[in-house]
Amino acid sequence: MNHRYFPHTPADIAEMLERCGAATPGDLYADVPEQLRLAGEYDLPTSMTEKEVRDYFNRLASANRQLTCFAGGGFYHRYTPAAVPALMSRSEFLTSYTPYQPEISQGTLQYIFEYQSMMAELTGLDVSNASMYDGTTATAEAMMMAVAATRKRNTVLISGSVAPAVRNVAATYARYHGIDLQEIESDNGVTSLDDLKQKLSSGKVAGVILPQPNYFGIIEDLTGFADAIHQAGALMIMNCIASDLAVLRSPGEWGADIAAGDAQSLGMPLSYGGPYLGFLCCTKALIRKMPGRIVGATKDAGGNRTFVLTLQAREQHIRRDKATSNICSNQGLMALHTAIYLSLLGTEGLKEVCTAGANGAHYLADKLTRTGKMRLKYPDRPFLNEFAMSCDFDVDCMLKVCTAHDILGGIKLDNHSILIAVTEMQTIEELDRLAEIVATSNFA
Amino acid sequence: MNKEYYGKLIFELSREGRSGAAIPDAGCPDAQIPAALARVHTPELPQADEPTVVRHYTNMSANNFGVDTGFYPLGSCTMKYNPKINEEMCSLPAMASLHPHAPAETTQGALEAYWTLQRALSEIGGMAEFTLNPFSGAHGELTGLMVIRAYHDSWGDHARTKVIVPDSAHGTNPASAAVAGLKVVEVKSLPDGTVDADALEAMLDDSVAAVMMTNPNTAGIFESNVARITDMVHRAGALMYYDGANLNPMLGIARPGDMGFDVMHINLHKTFSTPHGGGGPGSGPVGVRDGLEKFLPNPRVVKNSDGTFGITASGEALGSISATLGNFAVQLRALSYILSLGKEGLAEAGLLATLNANYIKESLRDLYKLPIDRVCKHEFVFDGLADKNSGVTTLDIAKRLLDYGFHAPTIYFPLLFHESLMIEPTETESKETLDCFIKAMRDIAREAAENPEVVKTAPHTTPVSRPDDTAAALNPTVTWKELKNSAG
Amino acid sequence: MSKTYFSKTHEYVTVDGDSAVIGISDFAQKALGNVVYVDMPEEGDEITAGEDFGAVESVKAASDLIAPVSGEVVETNEALVDNPRLVNDDCMANWIIKITLSDPSELDSLMDEDAYKAFCESEAAH
């Protein structure tokens, strides 16, 4: 019996071999030297039936624990409307390749065009690319883009209040690519404008990366930042949480040139780290410096509106070592997720998502403060749906106790501070329960 | 599909006051955002109800071609069938709901999946260890080159700044090297498409960090002298990088590690059958030989002595290239695929992929120019039609194939030939499908001779005809707002 | 009196005293097809003979601009920003950059019009 994924019958194989002038399929490998060949077979299990595969994964799944999630740090437990996965699972979307043949790829090209339009709206910038891997790599690409766009400048500044994961990935790219990446000091939880101005005075700064909201959940007041950055001849890059742009002053409104970040917050399953989506938007002036794919509108030979991959001469398959980036894919399916999610929610729905999270977060922060054991780490800073708290107790102890109650209590910042996120997914009972656990446990 | 009713953008279907989702609300009191920090201009997202959204995207999908709708002989892309069970396994709620910061003791199943796939890829690649963190093949290449730089740096050898790639290499190779801060030098191919080992030898010195190769190469030819090449590269103090884009035909036959490669990546969306999703998400795990593990990026998954799984980070690592453990849901699909095929199924996949490619090649060689006349592996390259008199180009042939209900092969790549037409059938195509494709290709060759116009103006039956690419690039219109404004 | 020289990478340089304009030849613009973008250096940039100073893009190709001679960029052809296809319309009139030559002796290694014509014919024969 053949394997269920292979259509070949013995008669097919015999007939095909005859045309190839070979006696066995192995004869087609006569050019592989004997000493390079695999001796025997792989040390791997033998083929499983579908039921065995299912049993295997069910066993793994049962070794995971489902927790009520108060962790954020850039990734949020959000509700995904049922229509999103239902539409994404359509084979015509799922099993297609990059839309290099536009005549039979209008589905993919059109949803990317819609995605780009939506992200440009959210960020308040002119244009968007077709998406990138995730928020960390999109921000690193924005950093390299700033260096390429400004020429002769090789320093990039990144705020110390940007999420550590983003800073780490940017630092890795910077180190190998030869960019001098410097950190801007924080002042009471937010980017220090004084330190920024001082570092800009070197005259070598190509770009400045600022967060919104920042890692501690704080909505930063960026008044005066764009002017300072532009006067120094640098580009302003904002690392944002996509969903929050429905209610927060947008990168375009702050005067940013580039916005980059993760769109996981737009209802994408957490999925233990991916796939998510990195977005990258910029002003029209910078479009030819933007990495990644871009879909544009044009007409076909019959004058019909048609979508195509455009500005491809910037990309790796044509420019090779002079390309603006080495990226040669996008997160196609996750761009489709984003387009469907935003189509269903619209601006009002997305605002409600932000509001529900913000209301819950302020409610919980208040409740936790009233236990007398925790207090806001930056009490005079505004926040949306995530906040940092200083604790009288050891955070590891608290997280352990929470886990025992099937709660993921937050993300540890240090031994005595924690980052807590609330979204539309937690009920008021669950918020009360976390406060109750803090109130009644001694975390020792 | 009726274009007049259904061919619109979702923005054109938007009507004030419609909504397609109800947002849960815990009913907490209203919190205020300071006015100076709040959004000024409302973003113009569509307003649409659920039925409108569902019909819109369902109709759009009908304008797409996928592996599930037809044969996709796209060279170097390995468009094999994507099994349905994999989709279910990666969406199990107990996997899909895990937060990347959840403590390891609550994610043991997920970590076991990651570790098991990592071990399986190490076995298949003949490598010591893999990281699954890179998000794509290109990201894997970049990560692998960073490993190589970290290795040279670790003993103070900072002079190795060059990467040698064959002129037949995938475009990502030189682009990844440039992002990794390395200078790219090309080595020429011989007329048979293989690397000119003598020319390569002459280029090796102590400024070379690595040589990148794919084997079989982009012309589908196995580089038989790979052992000689890896040997001379190692003697020169450089490392060998294996671009795993063409791993599929080598399954069960030979392992990159045994060929002498030090670092490699695998495209899970090619060899291990995870869906391409219209361009992503992919996954590009990176493997290294013994001694290079410590340079792999953070975080890493380890199996503890008590049988549990944990996450670690090391100071010797090259740094981190992702916030998380990568595209986890893609990894789960690949694991499901490997378990479904098992060791014997994997070995069969490679053989059948090669058989399918050679069968097409031998069936069309009289009508299409075969510049490299050798046994191929998973793919091969025609240099356009054998009879060039009609003026029908590779682009025309590709477009005409769409009318016959097939996706086009990869065209104008590799750059070795002017009219490259690169065909990779994969193992999941039946003989009947291949025969239909062969017949279509033969019909097109006949049309080119008898009625070239029908080929030159193709496609004729697709949802749209050939687009004006020049207009798109001259005046980029990339959002609904720009499109609306340009219409006046 | 101005004189025009050509490089093997199909750039031309038309020299008038210390000043010169650089563009791509008719052979190059035909090979490239419809030009959709010209990536140019900035005024004040130094260019070095044999090194790239920009690129010309068509829809599916990009060609590096290789400096035939060294010098300082004194002007870029701003008309190409809005209408890159001018390069196709008349590549000799629509030069890409104007420079001040730093080493006129570099011109000696370039071809004159006749030699370039013969060179193109031999290229096309391949």
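Predicted model: local features only at pLDDT ≥ 70, side-chain atom pairs only at ≥ 80, totals over all residues.
At what angle do the axes of helix H1 (residues 10-20) of chain A and helix H11 (residues 328-364) of chain B cross?

**Figure 1. Crossing of helix H1 of chain A and helix H11 of chain B.** The two axes cross at roughly 50 degrees and come within 9 Å. H1(A) is therefore oblique to H11(B). The crossing in which H1(A) passes H11(B) is left-handed. From H1(A), the residues that make the contact are Ile13(A), Met16(A), Arg19(A) and Cys20(A). H11(B) contributes Leu355(B), Asn358(B), Tyr359(B), Glu362(B) and Ser363(B). Sorted by class, the contact of H1(A) with H11(B) holds five nonpolar, two polar and two charged residues.

**Figure 2. The contact between chain A and chain B.** Chain A supplies 169 residues to the contact and chain B supplies 171 residues. On the side of chain A that touches chain B, the largest share comes from helix H12 (residues 332-369) of chain A, with 22 residues. That side of chain A comprises 84 nonpolar, 59 polar and 26 charged residues.

**Figure 3. Domains of chain B.** Chain B is divided into domain 1 (3-61), domain 2 (85-340) and domain 3 (346-471). A distance of 41 Å separates the C-alpha centres of domain 1 of chain B and domain 2 of chain B.

Figure 4. Pro275(A) belongs to the loop between strand S9 (258-262) and strand S10 (278-282) of chain A.

**Figure 5. Ser76(B) and its positive phi.** Ser76(B) is a residue other than glycine, and its phi is near 70 degrees. Ser76(B) is located in the loop between helix H2 (50-61) and helix H3 (84-90) of chain B. Ser76(B) counts as buried because 21 C-beta neighbours lie inside 10 Å.

**Figure 6. Thr78(B) and its positive phi.** Although Thr78(B) is not a glycine, its phi is positive, at about 50 degrees. Thr78(B) is placed in the loop between H2 and H3 of chain B. Thr78(B) has 27 C-beta neighbours inside 10 Å and therefore counts as buried.

Conventions: Residues numbered from 1 in each chain as written. Chains lettered and ligands numbered in written order. Contact = placed C-beta atoms within 7 Å. Helix = DSSP H or I, 4+ residues; strand = E, 2+ residues; numbered from the N terminus. Nonpolar A, V, L, I, M, F, W, Y, C, P; charged D, E, K, R; others polar. Domains from an automatic or database assignment. Axes fitted to C-alpha atoms, helices over the stretch in contact; angles between N-to-C directions. Parallel < 35°, antiparallel > 145°, perpendicular 65-115°, else oblique. Left-handed = near helix turned anticlockwise from the far one by under 90°. Buried ≥ 20, exposed ≤ 12 C-beta atoms within 10 Å, placed from the backbone.
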